[in-house]
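This report covers aromatic contacts, nonpolar cores and overall dimensions. The sequence and structure are shown first.

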Amino acid sequence: EEEFKWLLQEEVHAVLKQLQDILKEASHRFALPTSGLGGAVKQENFVLSPSGTDQVKGVLTLQGDALCQADVNLKMPRNNQLLHFAFREDKQWKLQQIQDARNHVNQAIYLLMNRDINYQFKTGSEVLKLMDAVMLQLSRARNRLTTPATLTLPEVASSGLTKMFTPALPPDILVNFYINLNKLCLTIYQLHVLQPSTTKNFKPAGGSILHNPGAMFEFGNQRYEVSHVHKVECVVPWLNDALVFFTVSLQLCQQLKDKISVFSSYWNYRPY
């Protein structure tokens with residue numbers, strides 16, 4: 001009983017403090033100014049590394065959760081024509097995944113700060129409930145970075161992203177940006193128009209993170225097929241840091257839950 005009291009009063013708070021410190025570090029990695037401080041977020045340039053192809057080259061500029069510039073060269077496979085397109089100067093693309101992950105981290109920090117050093121935990125189940133709530137936020141934060149959204153090709157075609165480039169994207173090119181783990185990914189789809197005579201086998205593709213050549217879709221009264229797919233990416237080191245912090249924090253939460261559970265089961269089953 002004395003040991004359990006010590007665990008509830010001392011060790012739980014030590015772990016909560018440790019979790020707060022780790023998650024504040026994670027939050028800082030997202031490099032967004034907190035309200036009131038108003039500091040500008042630094043811009044970082046990342047060179048796209050082609051995976052087995054030199055047909056796409058470019059530089060992406062990230063500023064916190066916003067892609068504020070994308071400068072891309074695409075060599076068209078059919079005729080080796082070089083296309084160059086970049087964001088218009090008045091445009092930037094919000095990366096919702098980064099924004100959401102950071103919000104979940106801050107929610108976890110808020111839950112921990114609500115149980116400050118003076119708070120007295122009375123029962124093990126109270127600690128378990130808090131750990132479950134924190135772990136839920138951390139799992140959601142991690143999932144936002146590890147699981148990009150699935151989109152249909154018409155959704156990619158109608159996204160605001162297509163209207164952000166100068167010169168305007170040709171009608172047979174689609175682009176999509178997303179985060180996958182510690183990478184910022186760019187996918188470029190080249191399309192060809194399906195002639196009415198070839199649409200008897202038309203089967204529109206469903207939602208996917210990455211569509212393959214041969215995927216078909218209908219958009220603006222026209223049917224298309226994907227002819228080429230180019231996927232390029234760049235590693236964002238601070239996203240890697242954040243994912244490590246999430247993993248360490250989840251492990252700490254689980255270890256504390258395990259300790260509480262051991263004491264609780266002993267408490268429930270002790271001989272009288």
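## Aromatic pairs and cores

F85 and F165 are both buried, where buried means under 20% relative accessible area, exposed over 50% and partly exposed in between, with a 1.4 Å probe and protein chains only. The model is predicted, so local features need pLDDT of at least 70 and side-chain atom pairs count only at pLDDT 80 or more, while totals for chains, interfaces and linings use all residues. Residues are numbered from 1 along each chain as its sequence is written, and side-chain values use heavy atoms, with hydrogens and water left out.

A search of the whole structure gives 6 aromatic pairs. Rings of Phe, Tyr and Trp (its six-membered ring) pair if their centres lie within 6.5 Å; planes under 30 degrees apart count as stacked, over 60 as edge-to-face and the rest as tilted. Two of the pairs are tabulated here.

| Pair | Distance between ring centres | Angle between planes | Class |
|---|---|---|---|
| F30 and W238 | 5.7 Å | 70° | edge-to-face |
| F85 and F165 | 5.3 Å | 90° | edge-to-face |

F30 lies in the loop between α1 (2–29) and β1 (44–47), and W238 lies in helix α5 (residues 237–269); the pair links distant parts of the chain, 208 residues apart. Helices (H or I, at least four residues) and strands (E, at least two) are DSSP runs, numbered from the N terminus. F30 and W238 are both buried.

With F85 in strand β5 (residues 82–87) and F165 in strand β7 (residues 165–166), their pair ties together parts 80 residues apart in sequence. F85 and F165 also belong to one aromatic cluster with F87 and F177.

Two arginines lie over ring faces. R115 is over the face of Y119, 4.7 Å from the ring centre, and R223 is over the face of F202, at 4.0 Å from the ring centre. The criterion is NZ of Lys or CZ of Arg within 6 Å of the ring centre and within 35 degrees of the ring normal.

A nonpolar core is a set of buried Ala, Val, Leu, Ile, Met, Phe, Trp, Tyr and Cys residues joined through side-chain atoms within 4.5 Å. The largest nonpolar core has 65 residues, of which F30 and F246 touch the most other members. Helix α5 supplies the largest share of this core, 11 residues. Leaving aside residues up to four places away in sequence, F246 touches A26, F30, V105, L138, A141, R142 and L145, with contact meaning heavy atoms within 4.5 Å. A second, separate core of 10 residues includes V156, A157, F217 and Y224.

F245 is also placed in helix α5. F245 counts as buried because its relative accessibility is 18%. With residues up to four places away in sequence not counted, F245 touches I22, E25, A26 and R29. The C-alpha atoms of F245 and L16 are separated by 14 Å, although the two are 229 residues apart along the chain.

For the chain as a whole, the secondary structure comes to 5 helices and 11 strands. The radius of gyration is 24 Å, well over the 19 Å that the globule rule gives for 272 residues, so the chain is more spread out than a compact globule. This radius is taken over C-alpha atoms, and the rule is 2.2 Å times the number of residues to the power 0.38. The C-alpha atoms fill a box of roughly 85 × 45 × 30 Å along the principal axes. Of the 272 residues, 42% count as buried.
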